[in-house]
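User: I have a model open and I'd like to learn how to read it. Could you walk me through it?

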Amino acid sequence: MSTADLITDIYERLFRAFGPQGWWPGETPFEVCIGAILTQNTAWSNVEKAISNLKAAGVFDPEALLEVDHSTLAAMIRPAGYFNQKARKIKDFLSWFKEVGGFEAMKGMETSALRESLLSIRGIGPETADSILLYALGRPVFVVDAYTIRVLSRHEIIGPDANYYDVQSLFHESLPPDPQMFNEFHALFVRLGKTRCMKRGPACPDCPLETLPGYPPIVDRP
DNA sequence: CCCCAGGCGTCCA
DNA sequence: TGGACGCATGGG
């Protein structure tokens, strides 16, 4: 079985097991951008609390949010953790957003150029930039996260030293550039990450990847 | 009490 | 380049 076939097989297994995930769990492209920053190494349930606070305060738009001072913003996003760092990241993103000309201008930019520009913002790394490209703008960019690398590594589809770009290239070379499919696939990896078989302890008996080469997926299971 | 979550920047070798 | 560390709350 080729690597491309294995990846396609993983997608089909996950989709069969979990069904469509309906990502991104936000209503607007702007909400995707703010959510992508707030969810860095943070449970989504905590991000929801932070976004609720912003909406309740009536500042959940690019112009108003930029006017909120640092400590006020930090207090409002407190449930999402790392609030001082994330308040700064949001401000830096909003300054960039205003400078570049908003979503209309972003839509006119080439994906690679837009990606580079997003990465130049302090606090926007590869996963956050790619989340914005895919989930806010519908670009065919595969979002890699810790779960993705963990799964592929533990099934020995990639080496233990593979980095973000190695893994992203693998998906880009193995799959057609279909934003809807990339959308679903990444969401399914996250969904798998919430299951028992991705954590320490006994494997889950009905893991969708159970019969894949390299199972059990958690090789460092105690 | 513990571990972990949809990362990222900095520092240091 | 890449590993260790700080950042912080909330849920299991």
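Analyst: We'll go through the domains, then a helix pair, then the surfaces by the DNA. Keep in mind that this is a predicted model.

User: Fine. Into which domains is chain A divided?

Analyst: Domain 1 covers 3-22 + 143-198, and domain 2 covers 29-136. Notice that domain 1 is written as two stretches of chain A. Taken over C-alpha atoms, the centres of domain 1 and domain 2 are separated by 25 Å.

User: How many residues of each domain are in contact?

Analyst: On the domain 1 side there are 7 residues, and they touch 6 residues of domain 2. α12 gives the most to that side of domain 1, with 3 residues. By class, the side of domain 1 that touches domain 2 has 5 nonpolar, 1 polar and 1 charged residues.

User: Now helices. What describes two packed helices?

Analyst: The general idea is to give the angle between their axes and the distance between the axes. Here, take α2 (residues 29-38) and α9: their axes come within 9 Å and cross at roughly 160 degrees. Angles over 145 degrees count as roughly antiparallel, and α2 and α9 are therefore roughly antiparallel to each other.

User: Is the crossing of α2 and α9 left-handed or right-handed?

Analyst: It's a right-handed crossing where α2 passes α9.

User: Which residues of α2 and α9 meet?

Analyst: From α2 you have P29, V32, C33, A36 and I37, and they meet T128, S131, I132, Y135 and A136 of α9. Sorted by class, the contact of α2 with α9 has 8 nonpolar residues, 2 polar and no charged.

User: On to the DNA. How many residues surround DNA strand B, and which are the closest?

Analyst: DNA strand B is surrounded by 26 residues, with Q40, N41, G125, E127 and T128 the closest. α9 (126-136) and α12 (179-193) each supply at least two residues of the surface near DNA strand B, and α9 gives the most, with 4 residues. That surface divides into 10 nonpolar, 10 polar and 6 charged residues.

User: And which residues come nearest to DNA strand C?

Analyst: Those are P79, G81, Y82, N84 and Q85, out of the 14 residues around DNA strand C. Both α3 (44-56) and α6 (83-100) supply at least two residues of this surface, and α6 gives the most, with 3 residues. By class, the surface near DNA strand C has 4 nonpolar, 8 polar and 2 charged residues.

How values were computed. Residues numbered from 1 in each chain as written. Chains lettered and ligands numbered in written order. Predicted model: local features only at pLDDT ≥ 70, side-chain atom pairs only at ≥ 80, totals over all residues. Near = placed C-beta within 6 Å. Nonpolar A, V, L, I, M, F, W, Y, C, P; charged D, E, K, R; others polar. Domains from an automatic or database assignment. Contact = placed C-beta atoms within 7 Å. Axes fitted to C-alpha atoms, helices over the stretch in contact; angles between N-to-C directions. Parallel < 35°, antiparallel > 145°, perpendicular 65-115°, else oblique. Left-handed = near helix turned anticlockwise from the far one by under 90°.
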